[in-house]
Amino acid sequence: MDALLSALGMDKVAVGFSNLSMFPLFDMAHYIISVMALREQPGAIEISRRSPIACWFSAMIYCFGGAIVSSVLLGEPPVEVFSNNINILMASAAWYLLFYCPNDMFFNICAIHLFRVLLAGMKEVTRTWKVLSGVTLAYKQYKRLCIALITIGWAKGAGTGLMSNFEQLVRGVWKPETNELLKMSYATKVTLLGAVLFSLQTTGYLPIAQHNLMFMYTIFLVVTKVTMMMTGSTVSPFACVESVLCRVILGLKSGDAEEKNSKSATKDISNGTCPASNGNIKAEPEETCAPSASSPDTEESNDSNKSSNKKDD
Amino acid sequence: MDALLSALGMDKVAVGFSNLSMFPLFDMAHYIISVMALREQPGAIEISRRSPIACWFSAMIYCFGGAIVSSVLLGEPPVEVFSNNINILMASAAWYLLFYCPNDMFFNICAIHLFRVLLAGMKEVTRTWKVLSGVTLAYKQYKRLCIALITIGWAKGAGTGLMSNFEQLVRGVWKPETNELLKMSYATKVTLLGAVLFSLQTTGYLPIAQHNLMFMYTIFLVVTKVTMMMTGSTVSPFACVESVLCRVILGLKSGDAEEKNSKSATKDISNGTCPASNGNIKAEPEETCAPSASSPDTEESNDSNKSSNKKDD
Amino acid sequence: MDALLSALGMDKVAVGFSNLSMFPLFDMAHYIISVMALREQPGAIEISRRSPIACWFSAMIYCFGGAIVSSVLLGEPPVEVFSNNINILMASAAWYLLFYCPNDMFFNICAIHLFRVLLAGMKEVTRTWKVLSGVTLAYKQYKRLCIALITIGWAKGAGTGLMSNFEQLVRGVWKPETNELLKMSYATKVTLLGAVLFSLQTTGYLPIAQHNLMFMYTIFLVVTKVTMMMTGSTVSPFACVESVLCRVILGLKSGDAEEKNSKSATKDISNGTCPASNGNIKAEPEETCAPSASSPDTEESNDSNKSSNKKDD
């Protein structure tokens, strides 16, 4: 893989890319997109009127959820998340402008479709950096313990989603019947994939240079995200892989989606040349098989998908 | 300020006051008032009959909630809260006497109005010590990071309120629709104010001697508390400040209270010579504008206020 | 006590027993029984189809709940629970076989009554080791602080039960009206008793050799468990002790059970020569008096008991 990129002359681009600083532009894009996701939650605007401090706290969880979850898992002080005053100030500014700007001016600007796509793309770039920083952090303490590395990388990259039940509780909302483990959003899934890849790379099981992996993973993140936003599609790119994995490893028949349209599901299998289903997968049960993901043409489940999509944008 | 107190001859009183030991009298008052607040929760007595251990655990959260929350935030072992055997014994004794004393003798004595006011006043004194100990503890680790200092000071002083959802869960009660961030009680607000003041003092932004600030903040706490208990008033002394802050900083029109009596609200503003609305407030969104607090004459919301008041006495 | 065992020639047996390794046989029995308990929860099989990863995570909490709770209480990284790759793999294998084996073959084998009794007996043996390891761990940090030792020992031995609300949340189930503190299962109670005994032994208040205490406590655990499973009984062996403790210390009249059959309760007391009611009990309010436990012949409450019994098997 390294050789291929080298041959394409992409090697230097990848190195340069991996030295990119997230601060301040990409971080700001992350804060804006995160707080916008909060603002679009039902009832969030009312909360911002009734209790600005609960709203601010929610916004901070949206912006720094990954850091909070991973610090809890690592037994480090969660308050240390606030040790970077400048980042808190930037996130607070995004919160203030998006919620309290007269005539919702700032929100309306950010909500312009093309601008939002740009910001969302930039936010996806920060995901790579976060996952990698989580894996690197865990590697220092736990060396070759892949599960610990994957957990911390995942927590750092998708922490907001993973603690969403408790974030909602801050706003007085409680939906115990769902959580990100029961019904993973695309963002959570792709972060888990990234955590696995970077963990394998860090521990040496994946023979690829770090900057190349960073480059390719980011490209994948951004392209997928932008495509999904431009086409309004809610089809997970993992649907095929998940469906096959569920059948091969877990012996499941992809649940109720099956009953609806058994033909398309059969088609999926015949197409399925999924590279992931090799080797020691038994020990890594990270892939889910949520029914809605297994068939690409269930239009009726778009609504719920769209909302969970927006949330972790 | 220091000079003024010095001129009044209060300097020595303040120094002497700041050397006061909380143990054992003031601590005991805190435990008694805390456990009484638990006993007055709906269903608490039934729990004490059905499951003494859940009741005891709840009582310990009421008594040591601040220490628990701050130790979690600082990444320290929560079990260390129990490292001070004598304090646990004192709190357990208060719990035992208040719940299981024959004929509720101990509770009836403590519930005598004047005695209760005295105990509540003493409990408020411990608040100063707790907030200050939180700020000092955080200062050792985080130096000039105001947000961390404020958070820990606040958590130490008002932890029971902040973790009330989980304390209720121990007793089998779950009220997700409300929490101390969504609808702050007076105790939580005044503790936040104290945490801000002590943080500014500790980091040197507030030019006043520590013992003087302790003295004045405690006087304020005790006088307000005693006044509120004697008059049965539920009007927050911060109502005016909050209302003006919400208008000036957040551009809010103080919500539904506004609709009820827009005249009184207008009056509030004309009175409002609030000293807090100066300078760099944008970065510290700690002040809330709960609707009920913004108009001093909403008599109909007394009921809910009273219950939340009692709770964090 | 040591002399008695020595006279009986059991001393060497006890020493040999205390050197028994839990890995891999006893650990595997623990994982199988734990995951079986999860599988028998209502809705668990559906979850395993809909979201294997939530199911896997639940299973890990069932298997390692004690380690998770005690590491949180000690301020250690919860992710360290995953530092023992081989144990995670074993637990994952148990999870995979019990949930996804074709025709439920593995589950049906394990569910054979005699085999299940054997596994449950072996699981009880691991409880002794876990409680002792918790107490020993806490002793290193907190020395003679009995409450900390008891808490950690209890958390390590009965952590799954104590965090059951949050384990259920992973599966989208939320039952705030009950928890293990409000209505302790037999397993939780007996673990608490063990934690108290080992804490007293470790701090030197209980004059007995550690291996002898381990031996006798394990015998008690296994015999009680096996008897309860063979006879299908749901009567707690602690019912008499609890009833008397509640009367003597807390002055309770054993609640609603009393109303049903006051005669049997009176009988209980006359039988009650309970050795536990001596000395400094006031400081250790660990014994509960759940109404259903106070009368041995309340047949109508069997249903709820049975379910909570199964859970912590």
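This is a dialogue on how to read a predicted three-chain model, from a single chain to the contacts between copies.

Visitor: What should I know about numbering and confidence before I start?

Guide: Residues are numbered from 1 along each chain as its sequence is written, and chains are lettered from A and ligands numbered from 1 in the order in which they are written. This is a predicted model, in which local features need pLDDT of at least 70 and side-chain atom pairs count only at pLDDT 80 or more, while totals for chains, interfaces and linings use all residues.

Visitor: How many helices and strands does chain A have?

Guide: Helices (H or I, at least four residues) and strands (E, at least two) are DSSP runs, numbered from the N terminus. Chain A has 16 helices and 0 strands. Of its 313 residues, 50% count as buried, a term that requires 20 or more other C-beta atoms within 10 Å of the residue's own, whereas exposed means 12 or fewer and partly exposed lies in between, with C-beta atoms placed from the backbone.

Visitor: Which residues have the most contacts inside the largest nonpolar core?

Guide: In soluble globular proteins, nonpolar side chains tend to be buried together. A nonpolar core is a set of buried Ala, Val, Leu, Ile, Met, Phe, Trp, Tyr and Cys residues joined through C-beta atoms within 7 Å. Here the largest such core has 230 residues, and Val35(A), Val35(B) and Val35(C) have the most contacts inside it. Two residues are in contact if their C-beta atoms, placed from the backbone, lie within 7 Å; leaving aside neighbours within four places in sequence, Val35(A) is in contact with residues including Tyr62(A), Trp95(A) and Leu98(A).

Visitor: What covers the buried residues of helix 12 of chain B?

Guide: An α-helix has 3.6 residues a turn, so residues three or four places apart point the same way. Helix 12 of chain B (residues 210–231) has 22 residues and reaches 31 Å from its first C-alpha to its last, close to the 32 Å expected at 1.5 Å a residue, where the expected span is 1.5 Å times one less than the number of residues. Among its buried residues are Met214(B), Tyr217(B), Thr218(B) and Leu221(B), and the covering elements include helix 1 (2–7), helix 2 (11–18), helix 8 (113–142) and helix 11 (186–202) of chain B. The helix is followed by Gly232(B), whose phi is positive, near 65°.

Visitor: Is Pro42(C) buried or exposed?

Guide: Pro42(C) is exposed, with 9 other C-beta atoms within 10 Å, and lies in the loop between helix 3 (25–39) and helix 4 (44–50) of chain C.
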